[in-house]
Amino acid sequence: MPTTHTVAPGECLSSIAYHYKLASWQVIYDDPHNADFKTKRPNPNLIYAGDELYVPDVEPRSEDVPADSRHIFVVSFPPTYINIRVQDLDEQPIGGAPYELKLDAVTLTGNTDDDGWIRSKIPAWAELGTLKVWPNPDDLDTVIEWEAKLGHLDPVEETSGVKGRLNNLGYACGDINDVEDDDCTNAVIQFQTDYDLTVDGIVGPQTQGALVKAHQV
């Protein structure tokens, strides 16, 4: 039966749809009951812990098959993708770099493309893992490692969303939470300085827009 789901940290629409055995995340996002949520979260990839969603019931379907035969039914869920860009401190892409991305029980390997991107299909339920990148293919002793937390990037309107983007862009601002402390303010000031913004330590619409553009989400 239909239910109200409260978003938990690390969840995304794909993982929620997978949990409730729905065909796709669009079934939830486009449901008329979630019109206010859709207006509040115009980017379906960026939802926030505590958001409430109406989850519709699974629509039954029927298949006409002979009664005297054995039948196999295959359920197909649309794939979920991950997109990660790796760049150096000068914001230049690190292309052609071998990588290893471990997500829960799944391990993905390959090389970043010419623009530094890692693009791959992943399970909808994947949440935690590690990313290792060897920036110089001729020097496999030098490796950079990050903790990967999928579904944990919050909307930029939230302080945690600001801090998450700043950390990802190399502006260290401490723990990703909703506390506006000195580390966060200093990181904002440095970002504003680097991007020729008004330097006031306040994350207004202009700074939010620059963060989204620099982070590409």
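**Entry 1: K163 and its partner**

I started at K163, which counts as buried because its relative accessibility is 0%. The model is a predicted one, and I read every value below with that in mind. I then looked for a charge partner. K163 and D181 meet through their side chains in a salt bridge, 4.0 Å from N to O. K163 sits in helix 4 and D181 in the loop between helix 4 and helix 5 (182–194), so this pair ties together parts that are 18 residues apart in sequence. D181 has a relative accessible area of 28%, so I noted D181 as partly exposed.

**Entry 2: helix 4**

I stayed with the helix that holds K163. How many residues of helix 4 are buried? I found eight of the 10, so helix 4 is largely enclosed by the rest of the structure. The buried ones are T159, S160, G161, V162, K163, G164, R165 and L166. Next I asked which elements the buried residues of helix 4 pack against. They pack against helix 5 and helix 6 (205–215). Just after helix 4 I came to G170, where phi is positive at about 95°.

**Entry 3: the other salt bridges**

I counted salt bridges over the chain and got four. Side chains of opposite charge can pair when their charged atoms come close.

I looked at R41 and E158 next. Their side chains form a salt bridge of 3.8 Å, N to O. R41 is in the loop between helix 3 (35–40) and strand 2 (52–55), while E158 is in the loop between strand 8 (144–149) and helix 4 (159–168), so the pair ties together parts that are 117 residues apart in sequence. Are R41 and E158 buried or exposed? Both are buried.

I then went to D30 and K38. Here the salt bridge runs 2.8 Å from N to O. D30 counts as partly exposed because its relative accessibility is 45%. K38 has a relative accessible area of 35%, so K38 is partly exposed too.

**Entry 4: overall layout**

I stepped back to the whole chain. I counted six helices and eight strands. Their order from the N terminus is β-α-α-α-β-β-β-β-β-β-β-α-α-α. The C-alpha atoms fill a box of roughly 70 × 45 × 25 Å along the principal axes. The chain has 217 residues, and buried ones make up 35% of them.

**Entry 5: charge and surface**

Which residues form the negative surface patch? I listed D88, D90, E91, D194 and D196. I followed up one of them, E91. E91 is in the loop between strand 3 (80–85) and strand 4 (98–103). With a relative accessible area of 39%, E91 is partly exposed. A patch residue needs over 30% relative accessible area, so E91 passes that cut-off.

I found a nonpolar surface patch as well. Y18, F77 and W125 make it, and its area is about 280 Å². Y18 lies in helix 1 (residues 13–19). Y18 has a relative accessible area of 34%, so I noted it as partly exposed.

**Entry 6: backbone check**

I finished with phi angles. Most residues other than glycine have a negative phi. I wrote down two residues that depart from this.

D104 has a phi near 55°, which is positive, and D104 is not a glycine. Where does D104 lie? I placed it in the loop between strand 4 and strand 5 (106–111). D104 is partly exposed, with a relative accessible area of 45%.

Q216 has a positive phi of about 65°, again in a residue that is not a glycine. Q216 belongs to the segment after helix 6. At 46% relative accessibility, I logged Q216 as partly exposed.

Technical notes
Residues are numbered from 1 along each chain as its sequence is written. This is a predicted model: local features need pLDDT of at least 70, side-chain atom pairs count only at pLDDT 80 or more; totals for chains, interfaces and linings use all residues. Side-chain values use heavy atoms; hydrogens and water are left out. Patches are made of residues with over 30% relative accessible area and no salt bridge: like charges are joined within 9 Å, nonpolar side chains (Val, Leu, Ile, Met, Phe, Trp, Tyr) within 5 Å. Accessible areas come from the Shrake-Rupley method with a 1.4 Å probe; for residues, only the protein chains shown count as cover. Lys and Arg count as positive and Asp and Glu as negative; His and the chain ends are not counted. The place of a charge is taken as NZ of Lys, CZ of Arg, CG of Asp or CD of Glu. Helices (H or I, at least four residues) and strands (E, at least two) are DSSP runs, numbered from the N terminus. Buried means under 20% relative accessible area, exposed over 50%, partly exposed in between (1.4 Å probe, protein chains only). Contact means heavy atoms within 4.5 Å.
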